[in-house]
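Hi,

Here is the structure I promised to send over. Have a look first, and my notes follow below.

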Amino acid sequence: MKALFYEKPLRENASICEKPYPQCGEDEVIIKVMSCSICHGVECDHEKAGGSSCSSYPLTPGHEFSGIVQEVGGNVKTVKPGDRVTADNTVPCGICFYCRKGDFIHCPDKRNLGNVADGGFAEYVKVKEGKTIHIPDHVSFNEACLTEPVACCMHSMDQMNIRYGDEVIVLGAGPMGIILAQLAMHSNAKHVVVVASSRKKLDIVKSLGIDTILMDRNDYSKHEQEILKRYPLGADCLFDATGAEELVYTVPRLMKMGGRILGYGYYRGEQPQLRFPFNEFWDKELTYYSSLSQVGDFGRAMDAIAVGKVNTKILISYEYDLENYFQALDKVLYEKDVIKVIVHPNKE
Ligand SMILES: [Zn+2]
Ligand SMILES: [Zn+2]
C-alpha cells in the first residue's frame, strides 16, 4: 500500500512509498483511509531538524483520519467491513501511575497513531476495535476526519467550565480557534468574540454568526480597545489559540477579576523566551489552564459535528491526493489564510 513515510525528520528523509498492508490482529480493525487532515502542530514539525516533540521516527504520520472498515479481527463485534468510521488515535500505555488511576490523558507513554504508531497518511491504518467511532450517514469523510481536533477542544472546554453569563474571548482563528469559538457559542456563554489578524478567517467566523474583531499585529491596543467596548470589565474566559508567545503578556488586561485563561497548544517561537506575567495574574487572581490533546472525547466530538454545533466543513481550505502530500503540506506551511488541508489516500 502507498503511505507517507518519514525515516527521520526533514523532507529530504520523507517520501510517499510502498509499505506492507497491516496485519489485522484478533481485536483489531483495518480502515481504508478516505480522508486524513494535516495537523498544523505535528505535521509542520516533521519539517524541522528536531522533528515533532510528541513523535518518534521512523513514522507514518496522520492522526486525524476517517474511512471505511476494510477488515476486522475474529473477536471484533462492534464494527464490520463497509462501516464508515473515524478513530481515536490515542493509545495510553495502561500500566503507568496515571493510567492505573484512569487519568489516561496524562499517560507519558502513549503510543498514539500518527505520532508513535503508524497513522492515517496511508491507504490503510490499523486501530483497536474500542477506538472506532461510527460516522452518521449525513456526515462526510472530510467532516469526520476533523473529529480529532474537535475532541481536543472538548477537553479545553471541560477545563474552562464556562458558566452561565460568562463573556468569552477567543484569540486566533486557526482550526482550533474556530472550533473553540463554536463550542463556546453553544455553551452557557453570554457572548463570544473571536480576535484574529486574518480578515479572510474572520469572515468564516462571521458566517457562523460569531462576533469578530480584527487584530493589528503591530498595534495590539486596537483590538484591546474593541474588546473593552464589548466587555467594559473584561472577559470571564479567554482561549488563546494563537501560539503567539507575546500575547500572553497582554491577556491579563483583557480579563475581569478572577478570570480564566486557557492556552491551547505550545507557544511556537523558534526559541520561546516566555516570562510568565505572574504579577498581573496575582493582581486579578487569574487562573491559567493549558490544554494540548485529548483521550476518549471522540464520541462527544462526533455528536457535536453530527447535530451541527460544530461545523468542520467550513474549516477545509484545500484537498489533495496522497501522492501530492508535500504540496498539501506547503499550503499549510506557507499560505497565510489556509485553515485545514485534507489528503485523500484513497479515491471515492
Ligand atoms: Zn491534531
Ligand atoms: Zn500510561
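Let me start with E226, which is partly exposed because its relative accessibility is 28% (buried means under 20% relative accessible area, exposed over 50%, partly exposed in between, with a 1.4 Å probe and protein chains only). R230 is also partly exposed, at 28% relative accessibility. The side chains of E226 and R230 form a salt bridge, 3.4 Å from N to O (a side-chain nitrogen of Lys or Arg within 4 Å of a carboxyl oxygen of Asp or Glu). Both residues sit in helix α7, 4 residues apart, about one turn of the helix.

Before you go further: this is a predicted model, where local features need pLDDT of at least 70 and side-chain atom pairs count only at pLDDT 80 or more, while totals for chains, interfaces and linings use all residues. Residues are numbered from 1 along each chain as its sequence is written, chains are lettered from A and ligands numbered from 1 in the order in which they are written, and side-chain values use heavy atoms, with hydrogens and water left out.

On to the sheet. There is an open one of 6 strands, in the order β10-β9-β8-β11-β12-β13, with parallel pairing (strands pair if DSSP finds at least two bridges between them; helices, H or I of at least four residues, and strands, E of at least two, are DSSP runs numbered from the N terminus). Its edge strands are β10 (211-214) and β13 (287-291), and the twist averages 20° from one strand to the next. Helix α7 (residues 220-230) packs on the sheet and touches β8, β9 and β10, its direction making about 150° with that of β10 (contact means heavy atoms within 4.5 Å; axes are lines fitted to C-alpha atoms, for helices over the stretch in contact, with angles from 0 to 180 degrees between N-to-C directions).

Back to salt bridges: the whole structure has 24. One of them joins D118 to K19, with the closest N and O atoms 3.1 Å apart. That pair links distant parts of the chain, 99 residues apart. D118 is partly exposed, at 39% relative accessible area, whereas K19 counts as buried because its relative accessibility is 16%.

Finally, the zinc ion (ligand 1): its protein donors are H63 (NE2), E64 (OE) and E148 (OE), lying 2.2 to 2.6 Å from it (donors are N, O and S atoms within 2.8 Å of the metal, or 3.2 Å for Na, K and Ca; water is not among the atoms, so sites may look incomplete). H63 and E64 are buried.

Cheers
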